[in-house]
Amino acid sequence: MRMRNKELAGLLYMAPALLFVLAFVLIPFGQLIYTSFTSASLLGGGSWVGWANYERIWHDSNFWKALGFTVKYTVYITPILMIGGYLLALLTATNRPILQFARGVIFLPVVIGLGTSSLLWFWLFDQQVGLFDKALVDLHIAQDMIVWFSSADWALWAVIISVVWKVIGFGMILFVASIQGVSRDVTEASLIDGATYWQRVTHIYLPLTSRTILLVTLISAIGSMLAFEQLYIMTGGGPRGLTFTSVYWIYQSSFIKFQLGYGSALSVILTAIIMVGAAIQITLTARRSPA
Amino acid sequence: MSDAVIAQRRVRAAPASQATEAGAPIRYLVGAVAVFIAALMLAPIVLSFFASIKTTADASASPPTYLPRALSLENYVKIFNYQAGLWSYVSNSLMVAIYAILIVVVIAVPAGYGLARFRFRGKEVLFLLLLLPLMIPYQALLTPLYLDFAKVGLANSQFGLAIIHAMLQVPFSVYLMRNNFEGVPRELEEAAVIDGAGSFQCFSRVALPLVLPGVVTIALFAFITSWNELLAALILMNKETEFTVPIMLVSVRTGHFGAVDWGALQAGIIISIIPCVAIYVFLQKYYVSGLLSGAVK
């Protein structure tokens with residue numbers, strides 16, 4: 001009887017959150033799946049069309065281009081964020097005031113909005129007024145002001161540079177905490193054994209912080225697969241529609257072309273991709289560190 | 001990883017001293033490199049600030065200059081008077097953020113307590129359910145949410161947008177509050193029960209005051225997420241008077257007849273950055289500790 005009450009009390013405390021998720025995540029997700037089988041338009045109407053939207057996706061080269069670009073973006077940026085973030089963490093992991101200060105500054109862009117930072121970098125990359133371009137010229141790294149957004153490859157790197165600037169501090173701060181969490185006994189034992197700094201990094205820090213590394217990889221990769229703001233602001237999907245991401249393409253289909261049914265089918269596919277990714281990474285995390 | 005290591009990780013807040021054996025030259029080098037990187041990271045914001053206090057003509061000059069030739073508040077005046085006026089966009093953003101904070105706190109704090117203190121069948125499944133917004137990206141849910149909200153008058157509504165912003169924060173907030181409540185010694189509540197406190201009193205009088213820093217943290221994160229969020233606002237708020245600050249910035253960027261007013265844009269960027277940086281600088285303790293306790297277990 002006591003147990004029963006405790007169960008009810010626990011459920012009661014969780015009820016508001018559960019109802020919220022039910023109303024604003026689960027039910028809309030059901031509606032999304034339903035709409036994906038209709039020809040609904042943002043202007044209303046629509047009838048059941050079965051798998052037609054999904055068949056259309058299969059033949060929609062624009063969608064595959066957008067998905068391909070999203071994957072490419074993710075595959076490029078994730079290792080940069082992981083390795084860069086970890087190196088910054090190793091550099092600043094000691095609690096000396098000057099390093100704590102540097103950590104604080106490197107983390108600063110994380111709190112700025114992605115939209116805002118994209119606008120900031122859109123300006124820095126402008127071939128007329130952009131100071132990033134001017135700095136490259138002044139430092140003799142580039143000959144002339146680069147026209148970043150007229151080629152898909154340059155545009156991709158411009159976006160990557162801006163996003164790395166914005167989010168690298170996130171991984172760094174988590175890595176610092178987990179490096180600092182490594183027991184002093186372990187590091188001291190390695191010192192007694194005469195381990196060099198890099199031996200300590202590869203044999204102690206990396207394995208003992210693998211859980212955090214996987215967690216940050218998961219967060220970064222999923223975030224990159226869902227990229228929208230940075231492309232919407234910096235490239236507008238251009239040039240020639242080469243830099244649309246999946247989310248951007250969904251936005252374009254649903255809210256610019258008003259094709260809700262089709263946009264919903266795209267959203268279902270995107271959700272499936274994200275879920276698979278999340279599941280793989282979560283399983284990996286669990287297996288690598290049984291504790 | 002052994003239990004002993006974890007226990008030590010939990011107990012030891014102070015870090016290992018990995019540089020203790022490093023010589024002075026290496027220490028200086030590490031410090032210099034770190035400061036150099038920090039300066040590079042700060043440069044875009046500093047340059048944007050400099051551009052914002054240039055004259056409008058100077059801010060659009062090509063080739064550009066790093067420093068302003070003359071100081072001017074022209075760009076800020078323009079942003080203050082932009083269309084419906086800056087204040088209307090700022091107040092829209094603030095109201096959305098306040099609603100989002102309220103929703104997050106009201107649902108995540110008790111949920112965290114329920115998860116930390118009660119043992120019941122299916123609890124893990126329910127916890128996963130609350131993490132669902134991590135697995136179903138909100139970007140995919142915007143279409144049905146837009147349609148539902150339009151039906152019940154929540155389109156172009158600050159509260160409607162706040163619901164979506166709160167949804168983004170639910171998994172993190174619940175997770176963080178659960179960890180916070182787990183950190184409260186059970187003995188305190190057991191003692192309270194002996195003194196005749198009921199379950200709700202244990203929650204509100206004993207445990208809650210001890211996790212207030214965590215509550216502050218989830219509120220801060222909700223604010224920053226909401227203040228910065230663009231996509232949902234873009235879709236939900238299609239009336240100019242309901243625009244939030246990020247949409248206002250995009251529309252400044254779009255400009256008139258294709259010509260971007262670079263100076264006004266920089267002024268807008270600086271204004272949108274200020275609240276986030278202020279929170280980060282003044283409440284860094286809450287912010288960073290929250291990030292860590294939420295993500296690194």
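Axes are lines fitted to C-alpha atoms, for helices over the stretch in contact, and angles run from 0 to 180 degrees between N-to-C directions. The structure is a predicted model, in which local features need pLDDT of at least 70, side-chain atom pairs count only at pLDDT 80 or more, and totals for chains, interfaces and linings use all residues. Residues are numbered from 1 along each chain as its sequence is written, with chains lettered from A and ligands numbered from 1 in the order in which they are written.

Chain B holds 16 helices and zero strands. Helices (H or I, at least four residues) and strands (E, at least two) are DSSP runs, numbered from the N terminus. Of its 297 residues, 46% count as buried. A residue is buried if 20 or more other C-beta atoms, placed from the backbone, lie within 10 Å of its own, exposed if 12 or fewer, and partly exposed in between.

Helices H5 (residues 86-117) and H12 (residues 212-228) of chain B have axes that come within 8 Å and cross at roughly 140°. H5(B) and H12(B) are therefore oblique to each other. On the H5(B) side, the meeting residues include B:Ala100, B:Val104 and B:Ala108. Their H12(B) partners include B:Ile218, B:Ala222 and B:Trp227. The residues of this contact divide into 14 nonpolar, two polar and no charged. Here Ala, Val, Leu, Ile, Met, Phe, Trp, Tyr, Cys and Pro count as nonpolar, Asp, Glu, Lys and Arg as charged, and the others, Gly among them, as polar.

Beyond its neighbours within four places in sequence, B:Val104 is in contact (C-beta atoms, placed from the backbone, within 7 Å) with B:Ala166, B:Gln169, B:Val170, B:Ser173, B:Ile218 and B:Ala222. B:Val104 is also among the residues that touch the most other members of the largest nonpolar core, which has 176 residues. Such a core is a set of buried Ala, Val, Leu, Ile, Met, Phe, Trp, Tyr and Cys residues joined through C-beta atoms within 7 Å. Its largest share, 16 residues, comes from helix H7 (residues 152-180) of chain A.

Between the chains, 80 residues of chain A are in contact with 87 residues of chain B. Helix H1 (residues 2-35) gives the most to the chain A side, with 19 residues. That side has 52 nonpolar, 23 polar and five charged residues.

B:Leu67 lies in the loop between helices H3 (56-59) and H4 (74-80) of chain B. B:Leu67 is exposed, with 9 other C-beta atoms within 10 Å.

Methods: Parallel < 35°, antiparallel > 145°, perpendicular 65-115°, else oblique. Contact = placed C-beta atoms within 7 Å.
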